[in-house]
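User: I am new to reading protein models, and I would like to learn how to read surface patches, salt bridges and contacts. Could you take me through them slowly?

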Amino acid sequence: MAGMKAYTEYLTFNTDERYEMVHITPQVEAIVRKSGVEDGLCFVSPMHITAAIYVNDNEDGLIEDIGEWLETLAPRRPEYRHHQ
């Protein structure tokens, strides 16, 4: 395709807790602006097996609810086989 443009940039996050939800919308918006791409898609992908991307409102109560749901879904337990 003539005039097709691609832009790649990597973000790195270091977290301290067992799980953390990091609001990355401002960084992604800045990268899209810097890219110069005016029409297209923005692909955001976690590059680590224990990371995930979710799209939702940045609302404190919702973030707490999701954290509690994750702990219910996969509670911290030392007997998990992947820890052995």
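This is a predicted model: local features need pLDDT of at least 70, side-chain atom pairs count only at pLDDT 80 or more; totals for chains, interfaces and linings use all residues.

User: What are patches made of?

Analyst: Patches are made of residues with over 30% relative accessible area and no salt bridge, where like charges are joined within 9 Å and nonpolar side chains (Val, Leu, Ile, Met, Phe, Trp, Tyr) within 5 Å. The accessible areas come from the Shrake-Rupley method with a 1.4 Å probe, and for residues only the protein chains shown count as cover.

User: Which residues gather in the patch of negative charge?

Analyst: When charges are counted, Lys and Arg are positive and Asp and Glu are negative, while His and the chain ends are not counted; the place of a charge is taken as NZ of Lys, CZ of Arg, CG of Asp or CD of Glu. Here Asp 57, Glu 59, Asp 60, Glu 64, Asp 65 and Glu 68 gather in a surface patch of negative charge. One of them, Asp 65, is found in helix H2, residues 60-73, and Asp 65 is partly exposed, with a relative accessible area of 48%.

User: How many salt bridges does the structure hold?

Analyst: A salt bridge is a side-chain nitrogen of Lys or Arg within 4 Å of a carboxyl oxygen of Asp or Glu, and the structure holds two of these. In one, Glu 9 pairs with Lys 34, the closest N and O atoms being 3.0 Å apart. Because Glu 9 lies in the segment before helix H1 (25-35) and Lys 34 in helix H1, the pair ties together parts that are 25 residues apart in sequence. Glu 9 is partly exposed, at 32% relative accessibility, whereas Lys 34 is exposed, with a relative accessible area of 52%. In the other, the side chains of Glu 79 and Arg 77 meet at 2.9 Å, N to O. Glu 79 counts as partly exposed at 47% relative accessibility, and Arg 77 counts as partly exposed at 36%.

User: What joins the side chains of Thr 50 and His 48?

Analyst: The general idea is the polar contact, a pair of N or O atoms within 3.5 Å; within protein, one must be able to donate a hydrogen and the other to accept it, and residues adjacent in sequence count only if both atoms are side-chain atoms. A polar contact of 2.9 Å joins these two side chains, of Thr 50 and His 48. Thr 50 lies in the loop between H1 and H2 and is exposed, with a relative accessible area of 68%.

User: Is Ser 35 buried or exposed?

Analyst: Ser 35, which is found in helix H1, counts as buried, at 7% relative accessibility. A polar atom of the Ser 35 side chain lies 3.1 Å from the backbone nitrogen of Val 37.

Notes. Residues are numbered from 1 along each chain as its sequence is written. Side-chain values use heavy atoms; hydrogens and water are left out. Helices (H or I, at least four residues) and strands (E, at least two) are DSSP runs, numbered from the N terminus. Buried means under 20% relative accessible area, exposed over 50%, partly exposed in between (1.4 Å probe, protein chains only).
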